[in-house]
Amino acid sequence: MFALPKEFESLFLHCFGQEAWNEYLEQFHKPPAKGFRVSTLKGAIPSVINPLLADPVPWTKEMEGFYIHQDLHLGRDPLHATGYYYLQEPSAMAPVPVLAPVPGERVLDLCAAPGGKTTQIAQRMRNEGILIANEPNRERCAILAENLERLGVTNATVTQLDPDELRDTYPAYFDAILVDAPCSGEGMFRKDDDAIRMWQREQLSAYALRQSSILHAAIAMLRPGGRLVYSTCTLNPIENEAVCATLLRDQPTLSLSPIQLPGARAGLTAERFTKLAKLIPELQAVASSFSEPLPALERTIRIMPQAGYAEGHFVAKFALDGNPSYQKTNTTGYSQKKRGNSLRASRMPSGFAQQKQFAAFANETFVDHVTWIDDLYRRDFISSPNVLFAASHRPLPSRNVLRPGLPLLETKHHHITPHHALALAAKPENLRAPVCFSYGDTRIIAYLSGEVISQEGPDGWTVVFLEHLPLGWVKRVKNQLKNHYPKGLRRAYSFEI
Ligand SMILES: C[S@@+](CC[C@H](N)C(=O)[O-])C[C@H]1O[C@@H](n2cnc3c(N)ncnc32)[C@H](O)[C@@H]1O
C-alpha cells in the first residue's frame, strides 16, 4: 500500500481535525468496503442470492444495495453475466438516491462511465422516461454501453460528447441531472493505490476548474424547477464546497437543497469555510469573490471513510428556480480536439429492410407481442449501417451518438443477427422456446466460454437463461445450440455463491 501524501494529511487535518484523522488512519488499514446493487429490472431474486442480502447499504432503498462481507468473487459468477447485479462501492450508491429519479422523467447522467450510477438511475426509472448517459472518453463510453446492456437498461441513449456540445441539443430540457465529476479520488485511497500515487496537491484547483465548467454546462440543460446532483469521490473542499459556492455565485436562481443521508457528515458551514480560507489559498480565492455572505454550504454532505460504512463521497443537491444564466465554457479540453465520428448513428429513418427483417425475426422468435415487443414497435426505429435500434427518444445530438436506444439487430455480410442487448432485455416468457438452466448447471459455464451445447427443441434463434435471467443468444439447429455469446465477453466463469 502506498503511503498517504503528507499534503493530503495536512489538508485533511485543517478541514476535519486531529480526531477525525486518527479515526481515518484506523479505518485506512482495514479492508475496503465492498458492495453490490441488485437489478430490479431483471425480475425476481434468484434464491441463491438470498444469503447475500443480509446487510443493506443504509442510503439505498429496499432491494437495492448490499454490503459484501464474504470473500467472494462475484465478478466471476455467471449471475454477473446475467446483469442481475452490479459490483459497486457503497458510497458510490449515495448520489442517485439524492437525485431520486422516477419513471417518466427526463434525466441526464453527464459523466456516466462506467455506468454504476446510470444503471441505478435506470432501475429507479423502471426503464421508463428519457435517460441520456454521456461520457466523453471513447473507451470508457464503450464500457458504459456494455454495462447498460448487461443490466437490461432499455431506455438510455449513450452519447460521447463534451458537455458543451450536448448543451446545444438540450437547453433547459432535463428534470434531473447527475454530474458525478472527474476528481482527485481521495475517497478511493483505501481501495485504489493508483488514486494515492496520482494525487498531487497542485492538481486540485485544476480539477475544481474542470468541475465548475462541467457544472455550468449542466445547469444550462436543467429546466426551471429541475434538480441537479453534484458528486465526487474526493474529500477536500477545493473540489467540493468551493465548486458549489462558485456555481451558486454565478447562478443566482440556483439554491442548495438539504440532503438527508444516514451516517453522512454535513458539509462545511460558511463560517468554517471562511476560517479555512485563511489557511487554504484556493478557498481564499473563492471566499473573497463573494460580496454577500457565503451560501448554506452545510447542506452538502460527505460520506467519510472513517465512519466505517464505506469509502468516501461528497454530494450536493441544487434546485433551479428560474432560467439559468448561459455561459460558454470549455468543459474539458476534450472539445478542443475534433474526435472521430465513427460512433455516430445515422438519424435517417431509412433501414426499412432492416425493420422488415426484424419484424420477421421477432415473429419467429417471440411470443409476447402484446406487451414487450409491442412496446418496442411503438418506438421509432433508427438505422445505422449495421445496427437497428428501437429509439429511446428525440431529439438527438447530430454526432457521436454511440447508442440512440436499444440495439435490436446487427447486419453482417447481408446476414442479420439479433443484438446481445436484446437478449439481455428479454424474459423467458417473451421467447417461444427459451433454454433455461438452473444455477450450478455446468452447461452455463460451457455456454459462457463459447461452447456448443446439445439440447432438444425447435430450430431457430432463442435465448439461454440462468433460471429467469438472460445470458445471450443461441441458434438451435438439429438440437445443437450454436453459441452466439459475444466473443469479447467469453471467459471462464465459476459458481462462486
Ligand atoms: C467519477 S467518473 C464517473 C463514474 C460514473 N458516474 C459511475 O458511477 O460509474 C467521472 C467520469 O467523467 C468523465 N469525464 C472526464 N471529463 C469529463 C467532462 N469534461 N465532462 C463529462 N465527463 C467527463 C471521465 O472520463 C469519467 O468517466
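Let's start at Cys 233, which UniProt lists, in an unreviewed entry, as "active site"; such annotations may be inferred rather than shown by experiment, and UniProt positions follow the numbering used here, with feature names shortened. Residues are numbered from 1 along each chain as its sequence is written. Keep in mind that this is a predicted model: local features need pLDDT of at least 70, side-chain atom pairs count only at pLDDT 80 or more, and totals for chains, interfaces and linings use all residues.

Cys 233 sits in the loop between β8 (222-232) and α10 (241-250). Helices (H or I, at least four residues) and strands (E, at least two) are DSSP runs, numbered from the N terminus. Cys 233 is buried, because 25 other C-beta atoms lie within 10 Å; the cut-offs are 20 or more for buried, 12 or fewer for exposed, and partly exposed in between, with C-beta atoms placed from the backbone. Leaving aside residues up to four places away in sequence, Cys 233 touches Ala 92, Cys 183, Gly 185, Gly 187, Met 188, Gly 312 and His 313, where contact means backbone-placed C-beta atoms within 7 Å.

Now look at helix α5 (residues 116-124): eight of its nine residues are buried, so the rest of the structure largely encloses it. Among the buried ones are Gly 116, Lys 117 and Gln 123. Just after α5, Arg 126 takes a positive phi of about 50°.

Finally, step back to the whole chain. Of its 497 residues, 48% count as buried. Among contacts between residues at least 6 apart in sequence, 76% join residues at least 24 apart.

Methods. Two residues are in contact if their C-beta atoms, placed from the backbone, lie within 7 Å.
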